[in-house]
Protein chains: 4
Amino acid sequence: MSADESILDLVQLAHVELLTPDLDGSVDFFSRLMGMSISEHRTGSVYLRGYEDPYHHSLKLTAAGAAGLGHIGFRVRSPQALERRVRAIEATGYGRGWIDGDAGHGRAYQFDTPAGHRWELIWDVDYYRAADADRSAMKNRPSRRPDHGIPTRRIDHFNLTAPDVAATRDFLRDTLGFMEREAVVADDNPEITIASWLSVTNLSHDLALVPEGGRAGRLHHVCFYNGTNESLFDFADLCRENGIRIEHGPGRHAIGKTTFLYAMEPGGNRIEVVGDPGALIFDPTHSTVKWKASELGIAAVWTGSEFPPSFWQYATPDEALTHLDAAVA
Amino acid sequence: MSADESILDLVQLAHVELLTPDLDGSVDFFSRLMGMSISEHRTGSVYLRGYEDPYHHSLKLTAAGAAGLGHIGFRVRSPQALERRVRAIEATGYGRGWIDGDAGHGRAYQFDTPAGHRWELIWDVDYYRAADADRSAMKNRPSRRPDHGIPTRRIDHFNLTAPDVAATRDFLRDTLGFMEREAVVADDNPEITIASWLSVTNLSHDLALVPEGGRAGRLHHVCFYNGTNESLFDFADLCRENGIRIEHGPGRHAIGKTTFLYAMEPGGNRIEVVGDPGALIFDPTHSTVKWKASELGIAAVWTGSEFPPSFWQYATPDEALTHLDAAVA
Amino acid sequence: MSADESILDLVQLAHVELLTPDLDGSVDFFSRLMGMSISEHRTGSVYLRGYEDPYHHSLKLTAAGAAGLGHIGFRVRSPQALERRVRAIEATGYGRGWIDGDAGHGRAYQFDTPAGHRWELIWDVDYYRAADADRSAMKNRPSRRPDHGIPTRRIDHFNLTAPDVAATRDFLRDTLGFMEREAVVADDNPEITIASWLSVTNLSHDLALVPEGGRAGRLHHVCFYNGTNESLFDFADLCRENGIRIEHGPGRHAIGKTTFLYAMEPGGNRIEVVGDPGALIFDPTHSTVKWKASELGIAAVWTGSEFPPSFWQYATPDEALTHLDAAVA
Amino acid sequence: MSADESILDLVQLAHVELLTPDLDGSVDFFSRLMGMSISEHRTGSVYLRGYEDPYHHSLKLTAAGAAGLGHIGFRVRSPQALERRVRAIEATGYGRGWIDGDAGHGRAYQFDTPAGHRWELIWDVDYYRAADADRSAMKNRPSRRPDHGIPTRRIDHFNLTAPDVAATRDFLRDTLGFMEREAVVADDNPEITIASWLSVTNLSHDLALVPEGGRAGRLHHVCFYNGTNESLFDFADLCRENGIRIEHGPGRHAIGKTTFLYAMEPGGNRIEVVGDPGALIFDPTHSTVKWKASELGIAAVWTGSEFPPSFWQYATPDEALTHLDAAVA
């Protein structure tokens with residue numbers, strides 16, 4: 001690949017590990033209400049997936065003293081792509097080295113981002129193999145559509161807080177090939193990035209970065225895809241009927257154009273469910289769409305209901321978070 | 001009520017009894033896939049309801065040698081309304097007399113229509129009382145929205161075959177106060193009624209009558225309400241994934257303007273699921289909308305897919321049925 | 001009709017007259033964005049209807065110095081029903097007498113409610129007769145579905161403020177036959193009614209009454225029916241793209257179970273668009289579902305986003321309104 | 001890029017040119033009912049786009065004696081990618097050479113596939129620049145969401161007939177880098193490909209190839225994306241109300257998992273509208289999902305309504321087409 005072309009080595013968000021102080025409650029939420037299926041139980045961890053996720057799992061739930069992010073796993077395009085990215089990461093000094101693997105995948109290279117989150121890159125994966133009772137009549141579906149929950153089709157994206165959004169964005173772009181799709185910038189200087197949405201796929205974002213006050217980054221939310229706006233109303237019903245706190249929605253973001261519902265899973269992590277996947281980005285010369293901080297309201301909620309303060313203040317693990325609006329001010 | 005005003009004594013379809021040669025299969029279909037809850041088991045019968053049905057049950061499943069209709073139950077507006085209708089029915093000679101009641105309701109007056117179907121009128125009903133575990137956070141909901149199945153909100157309407165549609169329609173109109181909302185008539189004579197849609201509510205139809213070849217009437221289908229077009233796609237998914245035969249849909253009828261999906265429950269009875277409830281009729285001087293037999297195609301399916309022959313030929317109990325199109329010719 | 005049975009003389013909300021200081025802007029909003037069609041222009045007034053409204057109009061827009069309600073028109077079941085209701089109204093002292101009629105209907109009997117709003121009862125109506133170019137291929141549709149706007153199917157309900165909600169509710173119930181379906185009551189006394197939802201149809205409400213501070217009642221909102229939750233997202237898009245202020249939504253009310261989007265039409269009146277029509281009430285012995293004032297939050301918004309203060313404070317004509325929450329306190 | 005990695009040079013379907021014997025009728029269909037906007041008129045051709053298509057146009061309508069395909073335009077990732085693909089095409093002998101460009105894009109390299117369809121590859125494109133009146137309040141939207149039609153968001157994919165599906169599939173894969181996502185194969189030999197679905201994006205297919213009887217390939221359909229299942233019911237309404245023939249739908253394909261409605265535009269070309277975009281494919285080692293010819297029914301229509309014979313027989317230009325089912329037999 002000639003030097004003046006983009007890095008195309010990362011291909012998808014493979015899995016997210018969430019930490020939860022209420023493992024049983026979190027498993028009930030993701031399996032019964034979100035309609036995800038359990039692939040495997042291990043000591044202290046439960047592995048789950050949506051019915052259209054192709055691999056062993058897309059979500060790992062791990063018992064812990066506090067809610068938060070365990071790690072992020074991205075899959076690469078090829079063994080050579082993995083070698084290229086490991087060399088690039090090691091050159092930055094953020095590399096941590098190889099692990100033998102985990103349930104559902106082989107050896108993985110782990111590293112920390114400038115925001116302090118643990119990530120890993122994987123090539124070898126185990127495909128989910130449905131037992132007869134779980135096999136779908138649809139040959140291109142890894143498993144049968146569940147008869148309960150909304151149900152969840154696949155993992156979609158995640159959102160992290162970062163002490164220095166621009167530095168983390170630059171690392172993800174220059175070292176891993178993420179493209180910045182949209183950003184919130186200072187009113188008086190479009191070069192000052194406050195929040196950033198990036199992807200390596202045709203999705204408008206595989207992840208988002210929002211401001212954090214000073215310490216290491218935390219988890220703002222993880223998002224799963226259900227594919228219909230109707231599912232947002234269905235999920236709101238299930239949340240209300242089962243004592244799950246809905247933070248906001250249904251609504252539509254202008255950024256990414258996705259529709260959303262936000263709720264708090266029993267472990268305390270914020271979960272987003274996306275209906276309309278928004279607009280895909282195929283244009284290889286797409287330039288970052290920049291929203292001014294003063295336009296954040298409409299950028300965040302295109303429909304008619306502003307986010308409550310908690311959306312700007314709460315992340316996991318739960319500590320007082322410097323407000324995004326404060327950071328913006 | 002002065003003589004020149006309409007009869008307003010019947011107020012709603014309360015329940016339908018279906019006969020099934022596969023009681024376990026039918027119960028699994030209605031509870032797990034349709035998301036109805038079981039109110040009571042009795043020897044040979046199981047009683048179910050949708051989560052917004054207010055009474056003890058809206059569906060009674062009874063084990064039998066063949067699929068078909070057990071009986072239809074309508075509720076009246078008041079004790080006086082019941083007395084008035086019983087007198088009117090007895091005057092026609094179609095009355096059969098009182099029964100002490102059934103699970104979920106008190107004494108009922110039974111009668112047969114000219115089409116040969118067993119009906120009953122009831123006043124005393126038992127409201128569904130949810131146990132704590134089943135209580136909804138929505139105070140105006142009789143029970144919690146289920147976390148499985150589409151799920152079904154309430155019973156909607158039913159469709160019967162009749163040897164003489166016009167005679168049965170006249171009986172229902174003159175004796176019980178049903179208003180004919182729409183009809184299919186002969187191309188050359190709008191006074192010759194081939195099929196009829198009637199209601200006592202604001203719904204476009206509480207029941208429909210379609211032609212039958214010579215013998216006593218049978219059951220074409222029973223319909224349940226889920227309230228969203230999305231639920232028709234969801235239900236199609238659940239049917240395909242669980243070996244339930246989908247006969248037709250999703251689609252929209254021009255008659256009644258409702259959207260639909262038709263499937264065959266394990267006992268063999270045809271079930272319709274309705275998404276968009278169509279247009280309600282509030283106009284007290286609404287005149288019957290008449291479709292010519294030659295317009296039946298668009299009247300039956302406004303969207304883009306014609307019904308398969310089975311829709312015109314199959315009813316329960318299953319015997320060779322004179323085709324509606326034949327009857328029309 | 002025996003004395004112990006309910007009054008069944010009113011059958012539907014026929015039309016609402018809105019006053020607007022920006023007649024051209026209001027007409028553009030209701031025709032281009034709401035997809036209603038213009039039936040007639042008269043000096044100072046424009047008459048519109050949704051494509052499934054059966055009569056000449058369901059909305060009359062009249063130029064005025066300030067936004068607000070002109071009058072409400074209900075249709076009765078029969079000429080005798082009209083005579084009965086006029087006698088009952090005259091007995092209360094609230095009657096104002098007959099007018100010759102208006103575009104689209106014949107003589108009407110006008111009266112004021114205890115809340116000070118002008119209402120009229122009508123029997124003679126003009127059905128909408130579509131010109132060839134506007135005729136629908138669907139014979140039971142009064143006119144072709146428009147190719148623009150969401151579009152609106154029919155008028156649904158309205159919401160008024162009242163200095164004394166209970167007194168107005170009693171007048172509507174005892175004199176006109178409205179049934180109270182749901183209510184918000186004082187936490188410490190369920191007999192103290194703060195807000196009330198009433199209907200004469202199977203709808204959960206044809207109108208609602210909310211508290212007003214001391215002076216004559218005003219208009220909180222008028223609602224139109226589009227029939228799908230998707231239309232709420234579509235309408236939000238059209239509002240944002242055309243400079244219409246969205247106040248709240250999409251969301252679902254627990255009261256009535258309808259889904260909603262609220263926006264301010266150019267004249268300043270609050271408009272609601274309803275997607276899911278919620279649960280119909282067929283039960284003749286339905287008892288009022290009572291929500292405590294402390295439960296108002298979930299009763300008003302079942303989904304995840306609280307109403308902004310304006311929802312509790314703004315009505316037309318726009319004057320400082322005693323807060324509902326204040327009234328509740 | 002090392003030799004053992006895939007070709008990543010094509011990035012998206014940029015535009016399709018349709019030939020129509022009724023240019024005015026086709027323009028009215030795509031602009032008024034599909035809600036696409038007109039970018040430019042040229043002698044004999046009109047250029048249109050959906051409101052989220054980023055470039056000058058995604059659809060070129062050209063007056064001609066018969067309906068059919070003009071040409072297909074794909075965009076490449078970079079100038080170097082264009083050079084690489086041109087060299088590869090020229091090596092196959094299918095190349096035709098460079099043209100100076102067309103409205104909306106610069107120089108393009110044209111070639112014919114083994115199926116006989118004209119394609120072109122482009123790098124230089126003109127972005128759509130909205131006039132003030134057409135500018136969206138959503139900064140990441142190239143133009144305002146229209147207030148009429150469904151409306152169309154973007155072009156999605158196309159389907160062509162091919163005398164030799166496997167040979168054309170191999171050309172697209174080996175020369176251009178298309179990945180085969182799904183296929184219909186002979187019951188007795190999975191290596192015999194009857195139909196093929198391919199993409200260079202995360203979409204399940206950017207194009208499909210179906211059998212043709214002997215002569216050069218033709219057009220089966222072009223598909224546009226609207227993003228909601230509700231829009232399929234809305235579009236069916238608009239088609240019926242405006243004399244547009246609906247061929248089939250709403251329904252869901254198992255192949256690709258997309259939901260669909262098929263209609264015939266006034267020029268005679270078959271158009272598909274897609275609601276649910278189906279499952280995206282992120283897995284770089286995704287292997288072709290193979291459906292046996294005997295499974296074609298469920299593969300084509302997962303929901304409950306089989307395609308009418310015309311779907312298997314009609315393509316444009318309209319000549320007797322060897323039936324796919326015959327080809328399968």
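This is a predicted model: local features need pLDDT of at least 70, side-chain atom pairs count only at pLDDT 80 or more; totals for chains, interfaces and linings use all residues.
On the side of chain A that touches chain B, the elements giving two or more residues are α1 (23–33) and α4 (229–241) of chain A, and α4(A) gives the most, with six residues; helices here are DSSP runs of H or I of at least four residues and strands are runs of E of at least two, numbered from the N terminus.

Residues are numbered from 1 along each chain as its sequence is written, chains are lettered from A and ligands numbered from 1 in the order in which they are written, and side-chain values use heavy atoms, with hydrogens and water left out.

How many residues of chain A are in contact with chain B? There are 22 residues of chain A in contact with 22 residues of chain B, contact meaning heavy atoms within 4.5 Å. Together the two chains bury about 1,700 Å², 39% of it on carbon and sulfur atoms, where buried area is the accessible area (1.4 Å probe) that two parts lose on being put together, summed over both. R145(A), D147(A) and E241(A) supply 40% of the area that chain A buries against chain B, more than any other three residues.

Between chain A and chain B the count is 10 salt bridges, each being a side-chain nitrogen of Lys or Arg within 4 Å of a carboxyl oxygen of Asp or Glu. One of them joins the side chains of R141(B) and D237(A), at 2.8 Å from N to O.

Turning to chain D, S58(D) is found in the loop between β3 (45–49) and β4 (59–63) of that chain. S58(D) is buried, with a relative accessible area of 1%, buried meaning under 20% (1.4 Å probe, protein chains only). The side chains of S58(D) and D53(D) are joined by a polar contact of 2.7 Å.

Note on methods. Buried means under 20% relative accessible area, exposed over 50%, partly exposed in between (1.4 Å probe, protein chains only). A polar contact is a pair of N or O atoms within 3.5 Å; within protein, one must be able to donate a hydrogen and the other to accept it, and residues adjacent in sequence count only if both atoms are side-chain atoms.
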